[in-house]
Amino acid sequence: MKKSIDAKGLACPQPVILSRKTMAAGDLSEIEITVDNDAARENVVRFLKFTGATDPRVVSAGSVHTITTGVTAAMVAKAGGGEPAPACEEEPQTATQQLSGKTLFFSADQIGRGDETLGKLLVKGLLYTVSELSRPPKTLVFMNAGVRLAAERVETIELLKTIEAKGVEILVCGTCLDYYHLKESLGAGHVSNLYEITERFLSSADVVTVA
Amino acid sequence: MNLTSFSRFAGCGAKLGPGLLDEALCGLSQREYPDLIADFRRSEDAGVLRLNDEQALIHTIDFFPPIVDDPLLYGRIAAANALSDVYAMGGKPCTAVAVVGFPVGALDIAVLRRMMEGGLAALEEADCPLVGGHSIDDKELKFGYAVTGIVHPGRVWLNNALAGGESIILTKPIGTGLVTTAARGGLASAEALAAACAGMGTLNRKASEILQRHEVHACTDVTGFGLLGHACEMAADTKFNVRILTDAVPFLPAVRDYAAMGLVPEGTYRNKSFRMRFIVNTKHCGDDDLNLLFDPQTSGGLLAAVAAKQADAVIAEMHEAGVPAALVGATVDGAGMVELA
């Protein structure tokens with residue numbers, strides 16, 4: 001069966017992306033893509049050859065080009081149907097997706113109720129683990145005594161710096177820093193307000209209260 | 001949030017093509033100003049005006065649509081990119097003003113806040129105060145800075161002041177256009193995207209400061225016209241050819257795969273159609289390689305022509321400072337062309 005794509009008016013890389021999707025979905029013996037600029041034509045031909053097409057036909061009328069080729073099972077596989085194509089072995093990610101997801105909320109400088117020393121050890125251990133994650137959360141929020149983790153305790157400040165360097169947003173409640181007279185000693189993250197913090201809570205895929 | 005969906009373009013892909021720009025500017029002139037060292041009639045990275053015997057003012061602007069989805073990173077890259085023109089002239093940035101086109105209503109204003117934060121962090125790293133800005137409501141998000149800088153009038157690095165016997169040094173790997181195009185299609189690997197973002201977010205400050213301690217004859221930063229496009233500008237109107245050792249050029253991960261898959265930015269084709277006539281022995285490398293070498297860069301590295309005898313020292317100092325510099329070519333007698341070898 002022949003599948004046709006009208007990619008006129010679409011900017012790079014959309015014509016290639018559409019061609020790839022259509023081909024990867026399978027269930028076709030021929031594909032026809034219409035584009036309206038030279039860059040798109042070259043890119044689509046390049047993509048078809050990448051999948052193994054030997055000689056894609058190009059019919060041009062003015063600036064409109066129609067590219068046609070037969071499609072084999074091997075080409076469907078190469079386009080990402082069945083087995084992943086070489087360039088996309090890893091899960092497709094964009095900069096946001098990479099950091100997408102959760103917000104961790106710290107409202108205290110220790111985890112749980114019980115022994116204080118244990119609670120503080122636990123929070124440090126948890127931050128260490130977060131600093132080692134390959135897919136870190138999107139945002140860490142610190143309020144009330146939680147701000148001590150970013151402004152008072154040297155070892156957690158260092159961990160937070162590492163976490164921040166990975167692109168994780170660290171929001172520290174300004175009102176709380178003022179209350180504890182810690183504004184001057186903020187060591188990681190940036191001073192935030194309730195507006196911004198509320199916005200993060202509402203826009204995050206998930207908010208996990210850690211401490 | 002997909003910032004890049006608020007633009008039709010992939011970053012520097014929005015730049016007017018060199019052919020179009022030539023058409024608009026060709027023949028345009030202004031009266032002579034005795035203290036003008038560089039204006040729009042030369043294809044310089046920035047304008048330069050002599051203030052006195054010790055100081056010349058560098059003035060430049062650069063803004064573009066979002067190239068990544070993270071507003072903090074977008075702001076950072078926009079600042080690094082705008083500052084780069086000052087570094088490419090051998091100068092030190094002095095002040096910056098922000099230029100913003102923002103789709104009010106379509107995007108939360110907190111996004112602009114994050115962009116400003118990202119930019120400010122990069123400006124602070126450059127010791128360059130933000131002194132103001134201008135914003136308009138705009139369907140397509142745009143962000144950047146106008147930056148001034150200071151340089152000694154006798155030590156301005158022009159693009160093409162070649163004297164012969166130089167080594168050509170490149171300070172960042174090539175391929176941000178391909179990676180960001182692949183990212184728009186959801187096809188960029190995490191590794192490639194991270195490497196591209198790290199590169200684009202890095203200031204050219206260290207690279208410039210190290211070069212300033214050596215004998216630099218010409219320098220530019222690699223941006224929209226691609227490595228070969230900017231190499232052409234370096235060779236233009238000189239008695240020399242810039243020879244690029246294609247095997248020595250460092251590339252970001254996976255860019256060859258993306259080029260083979262047709263994830264080539266439109267700007268690459270524009271660059272090729274305008275500059276191919278200045279490239280000799282194009283047969284030396286395949287079409288895929290040409291698509292890498294003409295890939296439009298955002299916040300690319302410096303491309304510097306340094307006295308050959310100092311090249312090793314420059315590279316060693318750069319590596320010491322964490323700058324991934326590479327020796328990618330040399331100047332040879334010629335006629336203002338770029339040779340591939």
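Select strand S7 (166–170) of chain B, where strands are DSSP runs of E with at least two residues and helices are runs of H or I with at least four, numbered from the N terminus. S7(B) is mostly covered, with five of its five residues buried; a residue is buried if 20 or more other C-beta atoms lie within 10 Å of its own, exposed if 12 or fewer, and partly exposed in between, with C-beta atoms placed from the backbone. The model is predicted: local features need pLDDT of at least 70, side-chain atom pairs count only at pLDDT 80 or more, and totals for chains, interfaces and linings use all residues. Residues are numbered from 1 along each chain as its sequence is written, and chains are lettered from A and ligands numbered from 1 in the order in which they are written.

Display the side chains of S7(B) next. B:Glu166, B:Ile168 and B:Leu170 point one way, B:Ser167 and B:Ile169 point the other way, and all are buried.

Strands count as paired if DSSP finds at least two bridges between them. S7(B) pairs with S11(B) in the antiparallel sense over five bridges, and B:Glu166 stands opposite B:Ala307 of S11(B). S7(B) and S12(B) also run antiparallel, joined by four bridges; here B:Ile168 stands opposite B:Gly329.

Now select helix H11 (residues 311–320) of chain B, whose buried residues are B:Ala311, B:Val314 and B:Met318. These residues lie on the same side of H11(B), because they cover an arc of only 65 degrees around the axis, the arc being that of the directions from the helix axis to the C-beta atoms. An α-helix has 3.6 residues a turn, so residues three or four places apart point the same way.

Just after the helix, B:Gly322 takes a positive phi of about 85 degrees.

Move to B:His59, in strand S3 (residues 56–64) of chain B. B:His59 counts as partly exposed because it has 16 C-beta neighbours inside 10 Å. Leaving aside residues up to four places away in sequence, B:His59 touches B:Ala46, B:Gly47 and B:Thr148, contact meaning C-beta atoms, placed from the backbone, within 7 Å. B:Ala96 is 37 residues from B:His59 in sequence and 9.8 Å away in space, C-alpha to C-alpha.

Technical notes
Contact = placed C-beta atoms within 7 Å.
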